[in-house]
Amino acid sequence: MFNPRLTETLTDFPFARLNALLAPIAPPSHLAMINMSVGEPQGAMPAFARQIVMDEVDGWNRYPPNQGLPELNLAICEWLTRRYRLPKDLLDPNLHVHPTAGSKEGVYVIATIATPQEKGGGKPVVALPNPFYQAYLGGAVLSGGEPLLVNANAENGFLPEFDKIDEATWKRMSVVYLCSPANPQGAIASMDYLQKLLRLCRQYDAVLALDECYAEIYTGQPPAGGLEAALAMDETGGKDPFRNLAVFHSLSKRSNAAGLRSGFMAGDPKLVAMMLRWRTYGGPQIPFAVQKASAALWREETHPVETRAWYAKNFRVAEQILHNRFSYYTPGGGFFLWLDVGDGEEATRKLWREAHLKVLPGAYACRETNGVNTAHRYIRVALVHDEKTTREGMTRLAAVL
């Protein structure tokens, strides 16, 4: 009675596996638990946005528009224009953007929108980096596509080498997922990397689904984005610069607003139109209060600076304590540490047993390719807490491992 794609292929969600791994172990009761396994920001959402949500009480009896409120779509376009130095009025709020319930909804649904039943004489292929965000795999499998895991490891700078995929596979490609800055390694795709990948997608009529949800969490220069990369290589005079491209953003990390469930897709107007069509049939509308608070958050530029400072402090603490161990590096973006501990599962058990510290085995964010899980040596550590808690967590980790 169940869809076998869901019951047989999409098994063992990482945090369910983590709970099962740790269930038999009694952690030390004299230590407070520190959870560094989940990338859930612990800072507060700005007060002005919380106030908007509380004040907007009159909209709860009405259905919000599927396409998003005009003020939100405009605020998104204005933010994209500022952030990626796009020409004024290039983005049309009615054509180029569509609000989503967080970036998770968008990156999942894009595979449904862009994967046909057959392509290139066979089953469509959906490529994703390995390790990966689970919504990519969910989108690939439940759309009927064949997932192609492309390893992103230290040898290739943690950026998947999609250009090494053979031509026969590219002819079957429907969607290529990329996260930049990457979860979990924090690697940032250069402008040249993005342009080469977009050219390949266009050559074989595939969609580049670029997850940029960590774009505002960086430790050096602001990461390049898909829209600016596409515009820089545009040969249409601005008439169709974003073809085959969908970028995804979220307020979860930028604004410490994970519970708001607010993000957007931007790019190719044809894809935006199909996202709207999908929502009219099966997607939930985003509440008025959430949309209005979101518009205010995209327009305000002070709080992301404060958020970056929060994470910068945490990375300084981590570097101070771990700098010469576990192949430590401060990532270019995101808020995770990707630590080589030799055996990720054993290190996770040990940290829970001896330090009451919860982390995620790297292998749980990755799948085997050719019989090998390339992330089995790693743990992922989310530096989302305040500086004091981060210092305590790093001190316990260093002492135990």
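Q: In which helix does Gly-102 lie?
A: Gly-102 lies in helix α5. The model is a predicted one.

Q: Why does Gly-102 count as buried?
A: Buried means under 20% relative accessible area. Gly-102 has 0% relative accessibility, so it counts as buried.

Q: What is Gly-102 in contact with, leaving aside its neighbours within four places in sequence?
A: Its contacts are Arg-261, Ser-262 and Gly-263. Gly-102 can also be placed relative to Cys-213: these two are 111 residues apart along the chain, and their C-alpha atoms are separated by 9.1 Å.

Q: What makes α5 and α6 roughly parallel to each other?
A: Angles under 35 degrees count as roughly parallel. Helix α5 (residues 102-114) and helix α6 (residues 134-142) pack at about 25 degrees. That angle is under the cut-off, so the two helices are roughly parallel. Their axes lie 7 Å apart, and α5 passes α6 in a right-handed crossing.

Q: Which residues make the contact of α5 with α6?
A: From α5 come Lys-104, Val-107, Tyr-108 and Ala-111. From α6 come Ala-135, Tyr-136, Gly-138, Gly-139, Ala-140 and Leu-142. By class, that gives 7 nonpolar, 2 polar and 1 charged residues.

Q: Why is α14 called roughly perpendicular to α15?
A: Roughly perpendicular covers angles of 65 to 115 degrees. Helix α14 (residues 344-355) meets helix α15 (residues 387-400) at about 110 degrees. That value falls in the range, which makes α14 roughly perpendicular to α15. The axes are 10 Å apart. Here, too, the crossing is right-handed.

Q: What makes the contact between α14 and α15?
A: On the α14 side are Lys-350, Leu-351, Glu-354 and Ala-355. On the α15 side are Arg-396, Leu-397 and Val-400. The classes are 4 nonpolar, no polar and 3 charged residues.

Q: How do you know that Thr-348 is buried?
A: The cut-off for buried is under 20% relative accessible area. Thr-348 has 0%, so it is buried. This residue is found in helix α14. Leaving aside neighbours within four places in sequence, Thr-348 is in contact with Leu-18, Leu-21, Leu-22, Val-359, Leu-360, Pro-361 and Ile-379.

Q: What makes Ile-34 buried?
A: Its relative accessible area is 6%. Buried means under 20%, so Ile-34 is buried. Ile-34 lies in strand β1 (residues 34-35). With neighbours within four places in sequence set aside, its contacts include His-356, Leu-357, His-385, Thr-389 and Arg-396. Ile-34 and Asn-61 are 27 residues apart in sequence and 40 Å apart in space, C-alpha to C-alpha.

Q: Why is Leu-276 called partly exposed?
A: Buried means under 20% and exposed means over 50%; partly exposed is in between. Leu-276 has 29%, so it is partly exposed. Its place is in helix α11 (residues 269-282). Not counting residues up to four places away in sequence, Leu-276 touches Asn-66, Gln-67 and His-98. Leu-276 and Leu-80 are 196 residues apart in sequence and 20 Å apart in space, C-alpha to C-alpha.

Q: Which residues of α4 are buried?
A: They are Leu-72, Asn-73, Ala-75, Ile-76, Cys-77, Trp-79, Leu-80, Thr-81 and Arg-83. What covers them includes β2 (97-100), α9 (226-232), β7, α10, β8 and α12.

Q: What makes α12 mostly covered?
A: Of its 12 residues, 9 are buried. These are Phe-288, Ala-289, Val-290, Gln-291, Ala-293, Ser-294, Ala-295, Leu-297 and Trp-298. They pack against α3 (47-55), α4 (70-83), β7 (245-250), α10 (251-254), β8 (263-267) and α13 (302-322).

Q: How does the reach of α12 from its first C-alpha to its last stand against the value expected at 1.5 Å a residue?
A: Helix α12 (residues 288-299) reaches 17 Å, close to the expected 16 Å.

Key: Residues are numbered from 1 along each chain as its sequence is written. This is a predicted model: local features need pLDDT of at least 70, side-chain atom pairs count only at pLDDT 80 or more; totals for chains, interfaces and linings use all residues. Side-chain values use heavy atoms; hydrogens and water are left out. Axes are lines fitted to C-alpha atoms, for helices over the stretch in contact, and angles run from 0 to 180 degrees between N-to-C directions. Helices (H or I, at least four residues) and strands (E, at least two) are DSSP runs, numbered from the N terminus. Angles under 35 degrees count as roughly parallel, over 145 as roughly antiparallel, 65 to 115 as roughly perpendicular and the rest as oblique. A crossing is left-handed if the near helix is turned anticlockwise from the far one by less than a right angle, and right-handed if clockwise. Contact means heavy atoms within 4.5 Å. Ala, Val, Leu, Ile, Met, Phe, Trp, Tyr, Cys and Pro count as nonpolar, Asp, Glu, Lys and Arg as charged, and the others, Gly among them, as polar. The expected span of a helix is 1.5 Å times one less than its number of residues. Buried means under 20% relative accessible area, exposed over 50%, partly exposed in between (1.4 Å probe, protein chains only).
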